[in-house]
Amino acid sequence: MPRPFRFGVNMLEPAPAAEWRAKCRRAEEIGYDVILVPDHIGWPAPFPALVAAAEATEHPRVGTFVLNAGFWNPVLLAREVATTDALTGGRLELGLGTGYVRAEHEQAGLPYGSPRERVDHLRRTVEELDRLLGSEDHRPRPVQRPRVPLLIGANGDRMLKLTAEHADIAAFTGARSVPGSTTGQLEPITAEQLDERVGLYRRLAAGRGEPAELNVLIQRVVVTEDREAAVRPLLEHLPNLTPEQALELPIFLIGTLEQIVEQVWAQRERYGFTYLTVLEPSMEAFAPVIEALRGA
């Protein structure tokens, strides 16, 4: 049986305390299961923002989506994870990725490294977190046992292998880095390319005892009667795609409420996605979709 749907929102905009708490409460009212924070310079610092989100709400879990592993020493990260899990009452989900914005590393005075070096560092981070947080001697202690649930965002072969081996939640961005970009520019992969990526992950994860939850990051939600008009402004960033091809991309949910709900069901059937994450600008637009799918 497929897992029930879960819904997350990735909060991007820094805000003063009252405003931050208000928008987290609004996310809970809408029905989001997880309130998430990314890890970019100029955006909210993940762990204090998540503690504040948990204090402002009762039910949603909180998580990083995703931490840039290159910013973190594993020993210090273990302290942050354990403390945040304790202060949120065991509601934390830890999302990790390699990081993909060279300019942020340069701004922070941190090495960026090759793709291989970044994946190697993430692997060491995951293994060290397992060792440290799994130890009865580690202080502080996380609430959740045997560990805080781990999400890994992946697209490349080695990252998918790491995800298959370690992650409780496998997150697919539906995009890849533009070669040579220092600012983290991404380009979408097609629906067929995502088929291949998910298929590779499934083969790599075939020996798992417990299947992972599959997540997709949705970049844009637009509820509209005119799908082509809504997608047209996006085509300047997608020069190789027709409007029809753009509307097939899993990272866009564009159409009437009925069309979007149908697309979500189709993507669950095709890819196995049951955990859907939207970006903060789409938080309200996605609300009727959550209502239509709740409990499914």
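The following legends describe close-up views of a predicted model. Residues are numbered from 1 along each chain as its sequence is written, and side-chain values use heavy atoms, with hydrogens and water left out. Local features need pLDDT of at least 70 and side-chain atom pairs count only at pLDDT 80 or more, whereas totals for chains, interfaces and linings use all residues.

**View A. Aromatic pairs around phenylalanine 5.** Rings of Phe, Tyr and Trp (its six-membered ring) pair if their centres lie within 6.5 Å; planes under 30 degrees apart count as stacked, over 60 as edge-to-face and the rest as tilted. By this rule there are 8 aromatic pairs. One of them is the stacked pair of phenylalanine 5 and phenylalanine 7, at 6.1 Å centre to centre with 20 degrees between the planes. Phenylalanine 5 also pairs edge-to-face with tryptophan 265, at 5.4 Å and 75 degrees. This second pair links distant parts of the chain, 260 residues apart: phenylalanine 5 lies in the segment before strand E1 (6-10), and tryptophan 265 in helix H10 (residues 257-271). Helices (H or I, at least four residues) and strands (E, at least two) are DSSP runs, numbered from the N terminus. Ring pairs join Phe5, Phe7, Tyr32, Trp265 and Phe286 into a cluster.

View B. Buried means under 20% relative accessible area, exposed over 50%, and partly exposed in between (1.4 Å probe, protein chains only). Phenylalanine 5 is buried, at 4%, and tryptophan 265 is partly exposed, at 36%. The charged end of arginine 268 sits over the ring of phenylalanine 5, 4.5 Å from its centre; for such a placement, NZ of Lys or CZ of Arg must be within 6 Å of the ring centre and within 35 degrees of the ring normal.

**View C. Surroundings of glutamine 144.** Glutamine 144 is found in the loop between helix H5 (115-133) and strand E6 (150-154). With 13% relative accessibility, glutamine 144 counts as buried. Its side chain makes a polar contact with the side chain of arginine 61 at 2.7 Å and reaches the backbone oxygen of leucine 92 at 2.8 Å. A polar contact is a pair of N or O atoms within 3.5 Å; within protein, one must be able to donate a hydrogen and the other to accept it, and residues adjacent in sequence count only if both atoms are side-chain atoms.

**View D. The loop position of glutamate 225.** Glutamate 225 is found between strand E11 (220-223) and helix H8 (227-231). Glutamate 225 is exposed, with a relative accessible area of 73%.
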